[in-house]
Amino acid sequence: QLQLVESGGGTVQPGGSLRLSCTVSGFTLDRHAIGWFRQAPGKEREGVSCISDSGSSMTYYVDSVKGRFTISRDNAKNTVYLQMNSLKPEDTAVYYCARDWRPYRGLCTVAKGWYNFWGQGTQVTVSS
């Protein structure tokens, strides 16, 4: 019953934009932090961004995407978004969303070990 489904990936030229969506079911979205992660071929999955439970509205971005990516949530639509602008070839990866198992933390982390439910991933390719 509990699941997260990513969508919105695709192929864009450098400098282009994409908006990824993570639609969840089976749990109350506003009680948990949600993270975005990515994995390129042959590389380990890495954190990208996260957003806290809705009571605190805390967000975090790794340095490589700061200023280019924006994470947001719409609890009424059970969806978390990742707006990606000024995309670079280095952003090419499969992007995953996941749920931090701890409710009501008031903050978030991109450490993978705290996330117990993951989506299937959506491919983002940045190439000319």
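The tour begins with the whole chain and then turns to individual residues.

This is a predicted model, in which local features need pLDDT of at least 70 and side-chain atom pairs count only at pLDDT 80 or more, while totals for chains, interfaces and linings use all residues. Residues are numbered from 1 along each chain as its sequence is written, and side-chain values use heavy atoms, with hydrogens and water left out.

**The whole chain**

The protein has 0 helices and 11 strands; helices (H or I, at least four residues) and strands (E, at least two) are DSSP runs, numbered from the N terminus. The C-alpha trace spans about 40 × 30 × 25 Å along its principal axes.

Next, select residues 3–7, which form strand 1. Leu4 and Glu6 lie on its covered face, whereas Gln3, Val5 and Ser7 lie on the uncovered one.

**Salt bridges**

Side chains of opposite charge can pair when their charged atoms come close. A salt bridge here is a side-chain nitrogen of Lys or Arg within 4 Å of a carboxyl oxygen of Asp or Glu. The whole structure contains 6 salt bridges.

Select aspartate 91 and arginine 38, whose side chains meet in a salt bridge with an N to O distance of 2.9 Å. Aspartate 91 lies in the loop between strand 8 (79–84) and strand 9 (93–103), and arginine 38 in strand 4 (residues 32–39), so the pair ties together parts that are 53 residues apart in sequence. Are these two residues buried or exposed? Both aspartate 91 and arginine 38 are buried.

Now select glutamate 44 and lysine 112, a salt bridge whose closest N and O atoms are 2.9 Å apart. Glutamate 44 is in the loop between strand 4 and strand 5 (46–51), and lysine 112 is in the loop between strand 9 and strand 10 (115–118), 68 residues apart. Glutamate 44 is exposed, at 62% relative accessible area, whereas lysine 112 is partly exposed, at 28%.

Finally, select Arg38, Glu46, Arg68 and Asp91 together: salt bridges that share partners join these residues into one network.

How values were computed. Buried means under 20% relative accessible area, exposed over 50%, partly exposed in between (1.4 Å probe, protein chains only).
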